[in-house]
Amino acid sequence: MKIRIIIALLMGILPSITMAQRKQIQTRKRTTSIYRTAQKTSTATISGLVTFTVNSTYGNRPDLGSVVYLIQADKVPVDFTSNVNKLTDQAKMFRYCRNADKKFSNLGYDSGAKSILGNSYVEPKEFWELSFNVQDQYNNIKKEAISEVLVEVDGKYKITAKPGNYYVLFVSANKKYDYQCVAFEKGLFYAEKCDISKEKKSIVKSYNFDFKEDL
């Protein structure tokens, strides 16, 4: 009699345990499905056009072969963009001085250059130091890139990323500056901040490398 009672009790308990387990499994499945759906929908597309200026006659052309990197903002030194902009401006000054008067030194800087440039004048040593510093920062940043895409024939690119704070790094394949500047001898580059919120689905980031032979 006791054995029958125990068996009956067990048979009454087992189905309830199975149903509870099923509910847990179904709950886990629903949660996983919602999480995966959220992952799929919480991405944005960063796209744009990368070009370079040929000259005043031919204008801008697609920068075929250039590369676009996406890097998390916390991996980029706070002074990187300002250093790149400063180095670009100084490189233009060097080129301008060299083309303006052949009597300038091989770096294009002497008393005549100082009178032309005024407050924009920088010593060659400062230019070199900044160039090496920017080159080091650039090499380290590229190693941290989470996406790397090659610009297509029409100059377009596209990157998909989750919400977050990033930098888009443009590296030209057709615009170089190899005059006493190691940072730009393989190609000019430019970095721009790109913040992606959950609401954003599409972001446009384009850049034109317009480094000219004169000012």
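## Briefing: core, salt bridges and one glutamine

Along the sequence they come in the order α-β-β-β-α-α-α-β-β-β-β-β-β. Keep in mind that this is a predicted model: local features need pLDDT of at least 70, side-chain atom pairs count only at pLDDT 80 or more, and totals for chains, interfaces and linings use all residues. Residues are numbered from 1 along each chain as its sequence is written, and side-chain values use heavy atoms, with hydrogens and water left out.

**Overall numbers**

- Of the 215 residues, 35% count as buried (buried is under 20% relative accessible area, exposed is over 50%, and partly exposed is in between, with a 1.4 Å probe and protein chains only).
- The protein exposes about 13,400 Å², and carbon and sulfur atoms supply 54% of that (areas come from the Shrake-Rupley method with a 1.4 Å probe; for residues, only the protein chains shown count as cover).
- Take the contacts with a separation of 6 or more: 73% of them are between residues 24 or more positions apart (a contact means heavy atoms within 4.5 Å).

**The nonpolar core**

- The largest nonpolar core has 44 residues (such a core is a set of buried Ala, Val, Leu, Ile, Met, Phe, Trp, Tyr and Cys residues joined through side-chain atoms within 4.5 Å).
- At least two core residues come from each of strand 1 (44–55), strand 3 (67–72), helix 2 (80–100), helix 4 (124–143), strand 5 (156–161), strand 6 (164–171) and strand 7 (189–196).
- Strand 6 gives the largest share, with 6 residues.
- Tyr157, Leu169 and Phe189 are the residues with the most contacts inside this core.
- If you skip residues up to four places away in sequence, Tyr157 touches Ile46, Ser47, Gly48, Leu49, Val50, Val68, Val149, Val151, Val168, Phe170 and Lys205.

**Salt bridges**

- There are 3 salt bridges in the structure (a side-chain nitrogen of Lys or Arg within 4 Å of a carboxyl oxygen of Asp or Glu).
- One of them pairs Glu126 with Lys86 at 3.4 Å, N to O. Glu126 sits in helix 4 and Lys86 in helix 2, so this pair ties together parts 40 residues apart in sequence.
- Glu192 belongs to strand 7 and Lys205 to the loop between strand 8 (202–204) and strand 9 (207–209), so the link joins parts 13 residues apart in sequence.
- Here Glu192 is partly exposed at 22% relative accessible area, whereas Lys205 is buried at 15%. Lys205 also turns up among the residues that Tyr157 touches.
- Lys193 and Asp195 form a salt bridge at 3.6 Å, N to O. Lys193 is partly exposed at 36%, and Asp195 is also partly exposed, at 36%.

**Gln137**

- Gln137 is found in helix 4, and it is buried, with a relative accessible area of 11%.
- Apart from neighbours within four places in sequence, Gln137 is in contact with Pro77, Asp79, Phe80 and Asn83.

Terms used:
Helices (H or I, at least four residues) and strands (E, at least two) are DSSP runs, numbered from the N terminus.
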